[in-house]
Amino acid sequence: MRIPSHVPPLVHRDPVNSSSITSVGYDPKRQILEVEFVDGDVYQYFDVPRQTYEAFVQAESMGQFMNWEIKERHRYRRVSPKLNDRQT
């Protein structure tokens, strides 16, 4: 599914304590969840309700919550490449 190009590229993110996720941010007005993974990839997930975001950041395992409750249920786009994919 094509993601609209008018969506701004970044949301303010805060660091989290997770083995698979480095930081997360949420824009409640646009319901965009932005996630930075430990490999350097940053993704935006669309139409994420505030309750889902709040449950996500409070989850015992953010990685499992991401896989079970977010990845398969929300449209997304990658907004930055992995660190090792970036050209110098």
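**Entry 1. Helix α1 and its charged pair**

I began with Glu54 and Arg50, which are four residues apart in helix α1 and therefore separated by about one helical turn. I took helices (H or I, at least four residues) and strands (E, at least two) as DSSP runs, numbered from the N terminus. The side chains of Glu54 and Arg50 meet in a salt bridge at 4.0 Å, N to O; the term requires a side-chain nitrogen of Lys or Arg within 4 Å of a carboxyl oxygen of Asp or Glu. Glu54 counts as partly exposed because its relative accessibility is 34%, and Arg50 counts as partly exposed at 41%. For these classes I used under 20% relative accessible area for buried, over 50% for exposed, and partly exposed in between (1.4 Å probe, protein chains only).

**Entry 2. Basis of the model**

I noted that this is a predicted model, in which local features need pLDDT of at least 70 and side-chain atom pairs count only at pLDDT 80 or more, while totals for chains, interfaces and linings use all residues. Residues are numbered from 1 along each chain as its sequence is written, and side-chain values use heavy atoms, with hydrogens and water left out. I read pLDDT as the predictor's confidence in each residue, from 0 to 100. The protein has a mean pLDDT of 85, and 81% of its residues reach 70 or more.

I then traced the strands. They form an open sheet of five, in the order β1-β2-β3-β4-β5, with antiparallel pairing. The edge strands β1 and β5 each pair on one side only. I counted two strands as paired if DSSP finds at least two bridges between them.

Strand β2 (residues 21-27) pairs with β3 over six bridges in the antiparallel sense, and Ile21 stands opposite Phe37 of β3. Five bridges join β3 to the antiparallel strand β4 (residues 42-46); here Glu34 has Gln44 as its bridge partner. Between β4 and β5 I found four bridges, again antiparallel, with Tyr43 partnered by Arg78 of β5.

I also checked the two hairpins around β3. The hairpin of β2 and β3 has four residues between the strands, and Gln31 takes a positive phi near 55 degrees. In the hairpin of β3 and β4, which also has four residues between the strands, Gly40 takes a positive phi near 100 degrees.

Is Glu34 buried or exposed? Glu34 counts as buried because its relative accessibility is 0%. Its strand, β3 (residues 32-37), is mostly covered, with five of its six residues buried.

A search of the whole structure gave seven salt bridges. In one of them, the side chains of Glu34 and Arg13 meet at 2.5 Å, N to O. Glu34 lies in β3 and Arg13 in the segment before β1 (14-15), so the pair ties together parts that are 21 residues apart in sequence. Arg13 is partly exposed, with a relative accessible area of 23%.

I looked up Asp27 and Arg30 as well; their side chains meet in a salt bridge at 2.6 Å, N to O. Asp27 is buried at 16%, whereas Arg30 counts as partly exposed at 32%.

**Entry 3. The nonpolar core**

I defined a nonpolar core as a set of buried Ala, Val, Leu, Ile, Met, Phe, Trp, Tyr and Cys residues joined through side-chain atoms within 4.5 Å. The largest core has 15 residues, of which Ile21, Leu33, Val35, Tyr45, Phe56 and Met66 touch the most other members. Elements β2, β3, β4, α1 and α2 give two or more residues to this core. Its largest share, four residues, comes from α2.

**Entry 4. Tyr45 and His74**

Contact here means heavy atoms within 4.5 Å. Leaving aside neighbours within four places in sequence, Tyr45 is in contact with residues including Leu33, Val35, Met66 and His74.

Where does His74 lie? His74 is in the loop between α2 (62-70) and β5, and counts as buried because its relative accessibility is 14%. A polar atom of the His74 side chain lies 3.2 Å from the backbone oxygen of Phe46, and the side chain also reaches the backbone oxygen of Asp47 at 3.3 Å. Not counting residues up to four places away in sequence, His74 touches Tyr45, Phe46, Asp47, Val48, Pro49 and Glu69.

Terms used. Polar contact = N/O pair within 3.5 Å; in protein donor to acceptor, adjacent residues only side chain to side chain.
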